[in-house]
Amino acid sequence: MTRDIHTQVLVLGSGPAGYSAAFRSSDLGLNTVLVEKYNSLGGVCLNVGCIPSKLLLHFAKVIRETEEISKQGIIFDKPKIDISMIKLHKENIISNLSSGLHHMVKQRNITLLQGTGCFLDEKTILVSNDQENIHIHFDNVILATGSKPITLSNIPNSLHIWNSNEALSLHSIPDRLLIVGSGIIGLEMATFYSAFGSQVDVIDRCSQLLPFLDGDVIKIFNRSIKKDFNIFLETEISDIFLKDDGVLVTLNNKSQIKKNFYNAILIAIGRTPNIDLLDINKVGIKVDQKNFIDIDNQLRTNIPNIYAIGDIVGQPMLAHKGMHQGHIASEVIAGYNHYFDPMVIPSVAYTDPEIAWVGMNENEAIKQHINYEVSVFPWKASGRAIVSNCSNGMTKLIINKDNNRIIGGVIIGRHAGELISEITLAIEMGCDVEDISLTIHAHPTLYESIGLSAQIFQGSITDLINLKRINKNI
């Protein structure tokens, strides 16, 4: 059975980028069709990504905090972990949030279709499911099909070898877990599984952990996690042997070769765009060398009525970037002269401690020959951090000395992801660092460390020794 539908806007994919585009299009008065491959709305982020991982990381944080506070007189018994109850709680959260998206689809009068879509021509996409084929004739289409985990060709299929989706399914808590990949996903999963009792090793063929961050940040991170899990850089799997209860692997680095047994291996080496099923070659959509779709600053592909947003257009592969792009694409279709042109996009690693960063790091400032200064407030001088058992952290601002504008910032410590917004706004607004130092921040809080970092640059700090006053630089 085949039927035809005509619409002003077709959105392929219901992840954060896709549903944001569909909802914004409908709110702007455009007739909108939303197509989703799976029965549940929300894409990877809601179902097998951001939301379930943050739930598990919340559990890990609570476990770590009870361990810390037990040393200070509030003593808890060792936690009893009921995996089936945790999985049920996770599934209920996902179901409730997905139901909320379904409700908003209905309230906005958006036509929702389940199936996979592929191009027939520049104005038509075929959507197929088990029951029917649908020809959708559109004025404009927004591609938001997301990404999938990258696989390794030399790794066999096994129940003991996971990707990130399977790691979040909570099949088991392995006694020994090997994580291949020291990026954000790998480190977040190491944080969770180690808190739940796994002995975790993380390996990466790279020579530096999180190379987009400065060394002082990585030093704090390494010091914080060394008691929880191991990281081995310049290391890779050279041989693998499947066993009934796990996997025997040969690990190879520059100095030694060793064999280790693990109950499970998690492959977390990145993600690749979901464009295989779209038949984009049929309409000539251009992609780059990594198969990300090329777009302009209004999210258009090389074909004027075809837009692309989210993970399929490249780094950073972040939900909040895709959501913002979804709004812009819909507004451009509706006739607004809007552009996707953010000065900065914040990033967060929800590890313990969290790391949040935005704008330039020091290496980037050096490469661009910027006359910069770094201003760092250590959390060991923060009363709130001390009483909250998170003094092993810092807030760092990078300031352009030629105009005193903040051009970058990083926070490492608990709740860093919640704190980075002030720095993000400061950069977007072209804020003078003095504006931050003269803004009264609540005390005692963790976010006041941003104001104190600004005061260090200004030479007005009283919570630490004022080196600028001593050196008579002000």
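Predicted model: local features only at pLDDT ≥ 70, side-chain atom pairs only at ≥ 80, totals over all residues.
Residues are numbered from 1 along each chain as its sequence is written, and side-chain values use heavy atoms, with hydrogens and water left out. Local features need pLDDT of at least 70, side-chain atom pairs count only at pLDDT 80 or more, and totals for chains, interfaces and linings use all residues.

**The nonpolar core**

A nonpolar core is a set of buried Ala, Val, Leu, Ile, Met, Phe, Trp, Tyr and Cys residues joined through side-chain atoms within 4.5 Å. Buried means under 20% relative accessible area, exposed over 50%, and partly exposed in between (1.4 Å probe, protein chains only). The largest nonpolar core holds 36 residues, of which Leu177, Ile179, Tyr193, Val200, Leu213, Leu266 and Ile355 touch the most other members. Among the elements that each supply at least two residues of this core are helix H3 (50–69), helix H6 (184–195), helix H7 (215–225) and strand E19 (355–359). Helices (H or I, at least four residues) and strands (E, at least two) are DSSP runs, numbered from the N terminus. In soluble globular proteins, nonpolar side chains tend to be buried together.

Contact means heavy atoms within 4.5 Å. Not counting residues up to four places away in sequence, Val200 touches Leu177, Ile179, Ala190, Tyr193, Ser194, Phe229 and Asn230.

**Helix H7**

In H7, the buried residues are Val217, Ile218, Ile220, Phe221, Ser224 and Ile225. Seen down the axis of H7, these residues fall within an arc of 160°, so they line one face of the helix; the arc is that of the directions from the helix axis to the C-beta atoms. The buried residues of H7 pack against H6, strand E11 (230–233), E19, strand E21 (394–400) and E22.

**A sheet of three strands**

An open sheet is formed by 3 strands in the order E12-E13-E14, with antiparallel pairing. Two strands pair if DSSP finds at least two bridges between them. Strand E12 (235–243) and strand E14 (257–262) stand at the edges with a single partner strand each, so one side of each is left without a neighbour in the sheet. The table sets out the two pairings.

| Strands | Bridges | Residues in the hairpin between them |
|---|---|---|
| E12 and E13 | 8 bridges | 2 residues |
| E13 and E14 | 6 bridges | 3 residues |

Individual partners can also be named. Leu242 has Val247 in E13 as its bridge partner, and Glu236 stands opposite Asn252 in E13. The bridge partner of Leu251 in E14 is Lys258.

**Aromatic pairs**

Rings of Phe, Tyr and Trp (its six-membered ring) pair if their centres lie within 6.5 Å; planes under 30 degrees apart count as stacked, over 60 as edge-to-face and the rest as tilted. By this rule the model has 5 aromatic pairs. In one of them, the rings of Tyr19 and Phe23 have their centres 5.6 Å apart and their planes at 40°, so the pair is tilted. Tyr19 and Phe23 are 4 residues apart in helix H1 (residues 16–27), which separates them by about one helical turn. Tyr19 is buried, with a relative accessible area of 19%, and Phe23 is buried at 7%.

The rings of Phe192 and Tyr193 have their centres 4.8 Å apart and their planes at 70°, so this pair is edge-to-face. Phe192 counts as buried at 0% relative accessibility, and Tyr193 likewise counts as buried at 0%. Ring pairs link Trp162, Phe192, Tyr193 and Phe196 into a cluster.
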